[in-house]
Amino acid sequence: MTWLLLVGIPVVSALAVWMTPAGARASTVLLVTASMTSIVAVVHAALPTEPPFLGGYVRGDATVQLFAPVINVIFAGIAVYVRARVAIEPASRRFVFLALGFLAASNLALLGNHLLLMWIGLEATTLAAALLIVRADVPSSRLASWRYLLFSSVGLGLVLLGLSCLTRSMEMSGHAGTLFLDEMPAAVAGPADGWRQLGVALTLLGLGTKLGLAPMYSWLPEAYDEAPAPVTAMLGAVQFNVALVLLLRVLHVYRAGSGDLIAGQLLTIGLASIAVSTASIVATRNVKRLLAYASINHAGVIAIGLGLGHSASFGVLLYVLSNAFIKAILFLTAGKIEAHYGTKDTKSIAGLIKDLPFSGVFLMVGTFALLGFPPFGSFLGELLILSALVSSGQMFVFAGFCMLITVSFVATGRTIFPMIWGEPKQVRTWPRQRLGGALHKLIFLVLLLVLGIYIPPQLNVLMNEVAHTLEGP
Amino acid sequence: MNPILIAFVGVLMLPQFVASWRLTLFSLSLQGLLMAWISYDLHTSLDSVGAWIQMFDLAIVRGLAAPIALYAVLRGQRASARHDVIPPNLMSWTLVLVLVLVAFRFADMLLPAGGPDHSFVAAACAGVLLGVLVLSTQTGPFSQMAGALGIENGIAMFELRGHHDPAMQIAQTLILVATILLFRWYLKTLPRASAVKVSAVEGMHP
């Protein structure tokens, strides 16, 4: 029952911020709230799992124990960033209210034991994020926000339609239609009919839209580019994982009966996403867009891993967790770089390591992790997915994957590394960077290394438990 | 086929053939009201909280609030009367008819035995497909809103025969209300052409 603190604390804080003239202290409220929910999530991860409660709508199983700490710790890191920049860009009461609403809705979706409740949580994060993307002084951010909302509404509409088809399938086979996760496996035990196949296909397509997968990915580069850096990190590292958990829940229930459909659809959209993002990575000169395309690329890798199931499942989880920290580090660093130089053009930026030493180091190390270098968790995760591709005989996908990843690897390195080395092209005055202001990114980096070098036994048990639910028959 | 469902499909097709934003909003309003009528036919006694919430969602939110909210903005902007939600050519009009036929064929495939569900599935599918057609051919915010709301209505039609917990229904209705308020805000604040000049560096504005 105490899991509900993850929703209750941000809701109370949001109301407090809305009703009191918090002013400059609003960002402190954000930081304190995010720290509290992080502590609650980490403590609960160490406790035994809880059966469904609150009428069966909420539960704290291994998946929640694995993802809640990640999401809340990353959100706390984002709150540190917002607090650290308060002197330069004071966070408005509106921003903090929406960010806290976003956090509460994310946690609600994560805790859901009912697919419709998870859907409602995800929709609520979308509505909050749409407003957060808008920057008052940048008209194009409004357009990006609109496209984000439009694609999200359509994608989540398809998910809702898919869920309706799934309940219809249960009713057609003589079971009571249910979306409670603990009741669904019994209701879908029979052979897959047309309704179920349609429901699974629509749900995967809709969730693919939220994850930025092809074919409905075009909102992502624009939204990630135009949004303020903390919001981009929220979208890429928090909302992405909430949508992914919903996908994991659907896969857990339906892999047994619709394995071939799921594998075919996820492998296809995964490979297509890697292909379109690779072409865009080669072409772009905008650092935030490059990172956005890399996110699509990574979503493609995750889709392929999920499509394979079996031995790829542990690799996918490792990749997903690493990816969350990588995106948080890189998007927050990109925001700092953009604020410093007033441009996102990679050709106009050089000598970061001299000019902004901490940002330079984080961009460099983050890019190595992004590209899947050892000793980061992304390396091991990608290796396990590749190995599963070979062992499952998907040689065409394996060849395409390797070729495209190599191209994106070279293109990303060619664009990012010249920004880090050499002489600065612009002379800017800026207060000397202090380690305290970058502590959150340092913590993310340490966690990233932990995932690659030594996974603590308790985390390993949790990951194995969640991976087991994804393996399929 | 139920005459109200026939009327619903007709109303869905109306804005595709008559280029007027007023008619588009009128069509959205009628879709909501017709769905409310169908819902009333299904739950005549209105004896459950869920039935009342569904009625509120369909008649008040979809049938009245959403079209009126968007109407007020467009009227305030003195938008010109003509507004195409799909390109006005024979190809598009044929496509509309083909999509409606596809929707019925699709319902045949899913429910080969026919039955009362068949018409619901066909009408819902037509709503979704026509909404997708509008979204895939238009770049203006109002047309895109009309397409998105058309898809939402198609999904609502599909869900008419389903049952959910009243708390879930309330949450879904609140989400819809918030979405409509956001749509209204975007319609007010977005440039009508939605064309933003982009410099040689992708995504960076001059």
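Q: In which loop of chain A does A:His310 lie?
A: In this predicted model, where local features need pLDDT of at least 70, side-chain atom pairs count only at pLDDT 80 or more, and totals for chains, interfaces and linings use all residues, side-chain values rest on heavy atoms, with hydrogens and water left out. Residues are numbered from 1 along each chain as its sequence is written, while chains are lettered from A and ligands numbered from 1 in the order in which they are written. Helices (H or I, at least four residues) and strands (E, at least two) are DSSP runs numbered from the N terminus, and A:His310 lies in the loop between α11 and α12 (312–341) of chain A. Its phi is near 40 degrees, a positive value in a residue other than glycine.

Q: Which peptide bond that ends at A:Pro215 is cis, and where is A:Pro375?
A: The bond from A:Ala214 to A:Pro215 is cis, with omega near 5 degrees, and A:Pro215 has its place in the loop between α8 and α9 of chain A. The bond from A:Pro374 to A:Pro375 is cis, with omega near 10 degrees, and A:Pro375 lies in the loop between α14 (357–370) and α15 (377–391) of chain A.

Q: In what sense do strands β1 and β2 of chain A pair?
A: In a regular strand the side chains alternate between the two faces of the sheet. Two strands pair if DSSP finds at least two bridges between them; here β1 (residues 50–53) and β2 (residues 58–60) of chain A pair in the antiparallel sense over two bridges, with A:Phe53 opposite A:Val58. The two strands form a hairpin with four residues between them, and A:Leu54 in the turn has a positive phi of about 60 degrees.

Q: What area is buried between chain A and chain B?
A: The size of an interface is often given as the accessible area lost when the parts come together. Buried area is the accessible area (1.4 Å probe) that two parts lose on being put together, summed over both, and between chain A and chain B this comes to about 3500 Å², of which carbon and sulfur atoms give 74%. In chain A, the residues A:Trp146, A:Arg168 and A:Trp195 lose the most area to chain B, together 18% of what that side buries. Counted by contact (heavy atoms within 4.5 Å), the interface takes 43 residues from chain A and 37 residues from chain B.

Q: How many salt bridges are there between chain A and chain B?
A: Side chains of opposite charge can pair when their charged atoms come close. A salt bridge is a side-chain nitrogen of Lys or Arg within 4 Å of a carboxyl oxygen of Asp or Glu, and the count between the two chains is one: A:Arg168 with B:Asp117, the closest N and O atoms being 2.9 Å apart. On the side of chain A that touches chain B, α6(A) gives the most, with 17 residues.

Q: Which side chain meets that of A:Arg249 in a salt bridge?
A: By the same rule the count is nine salt bridges over all chains, including the one in which A:Arg249 meets A:Asp61 (2.6 Å, N to O). This pair links distant parts of the chain, with A:Arg249 in helix α10 (residues 229–283) and A:Asp61 in the loop between β2 and α3 (62–84), 188 residues apart.
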